[in-house]
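Let me put the model up and then talk you through the packing and the strands.

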Amino acid sequence: MKTYRYCGRLFSEDEILYIRHLIDSHPQANRADLSRLVCRSLPWLRPDGRLKDMSCRVAMIRMQEDELIRLPAPLRKNGNGHHRPAITQLSDPQPPICQAAGKLGPLAFYSVESTKDSALYNEYIHRYHYLGYKPLTGAQKRYMVYASNQLLALLGFGASAWQVADRDRFIGWSGEQRKRNLQLVINNARYLILPWVNCHNLASHILSIAAKRLPDDWHQQYGYRPVLLETFVHKDRFKGTCYRAANWIHVGQTTGRGKLGGRQPMLPIKHVFLYPLNRNFRRILADR
């Protein structure tokens, strides 16, 4: 039987038919309602038992793009996931900040929670990150890093790549083990030091602090602790110096086939860096 992979989950042909049936039998339901119905019915749950409705919503949008299902129209214009944040004066360039990281004073990590903070975070990423804005799917944590009320950097963590050969060899897990435990690997999907900030050792210092606080923040929000971080650094643009300085491990490079894999290389080759959050990460990822 043919299967389809969306957001790290395999869907059988029968499940696709069932999703069609749910949509047809709930004509008044919006996309959010339908994602919750699908999660309860399949079921599709987080390790703490909560619905993976955000991942499901993105998966259903991609199913529609592949002409497998037909969803109701989105309630908002950005319901298709292609919204581009507006550029406002709030993200305008600021005076240069040029001093050693140790002279900035304590760094404050603010978790992005409110709609207002989320819009501002997205605006900065869209305006200054070379990859631009793209919504993170599923479980995620985003931070805005300040010193003396001055915004210095932004970080985003989300779902890990489904299959990365060099990462998977480094961990030493099987396909089934990866399928069971992939949620314990978190991807540093975005990292932006604002262009007017030029502070020696700041980038690696922020990474070190983030690695210490992320497991607790993740556990508080999602009910489990990740044991490994990953990130992908564009080989032709960056060397990954700040990740190396923060003791991330360079384990290889991607094939250019994208986050979910594929037959034809289409994307730039990227360095693969990993950072263990638990000394027993291999045993946890391979033995659970």
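So, L202: leaving out residues up to four places away in sequence, it touches A101, L104, L107, L152, Y191, I193 and V197, where contact means heavy atoms within 4.5 Å. Quick housekeeping: this is a predicted model, so local features need pLDDT of at least 70 and side-chain atom pairs pLDDT 80 or more, while totals for chains, interfaces and linings use all residues. Numbering runs from 1 along each chain as its sequence is written, and side-chain values use heavy atoms, with hydrogens and water left out.

L202 is among the residues with the most contacts inside the largest nonpolar core, which has 60 residues. By core I mean buried Ala, Val, Leu, Ile, Met, Phe, Trp, Tyr and Cys joined through side-chain atoms within 4.5 Å; buried is under 20% relative accessible area, with a 1.4 Å probe and protein chains only. Helix α7 gives the most to this core, 8 residues. Helices here are DSSP runs of H or I, at least four residues, and strands are E runs of at least two, numbered from the N terminus.

Now, which strand holds N187? That's β6. N187 counts as buried because its relative accessibility is 6%. A polar atom of its side chain sits 3.4 Å from the backbone oxygen of E230, and E230 is also the bridge partner of N187 in β7.

β6 and β7 pair parallel over 3 bridges, pairing meaning at least two DSSP bridges. On β7's other pairing, with β9, we get antiparallel over 7 bridges, with T231 partnered to F273. And 6 of the 7 β7 residues are buried, so β7 is largely enclosed by the rest of the structure.

Conventions: Buried means under 20% relative accessible area, exposed over 50%, partly exposed in between (1.4 Å probe, protein chains only). A polar contact is a pair of N or O atoms within 3.5 Å; within protein, one must be able to donate a hydrogen and the other to accept it, and residues adjacent in sequence count only if both atoms are side-chain atoms.
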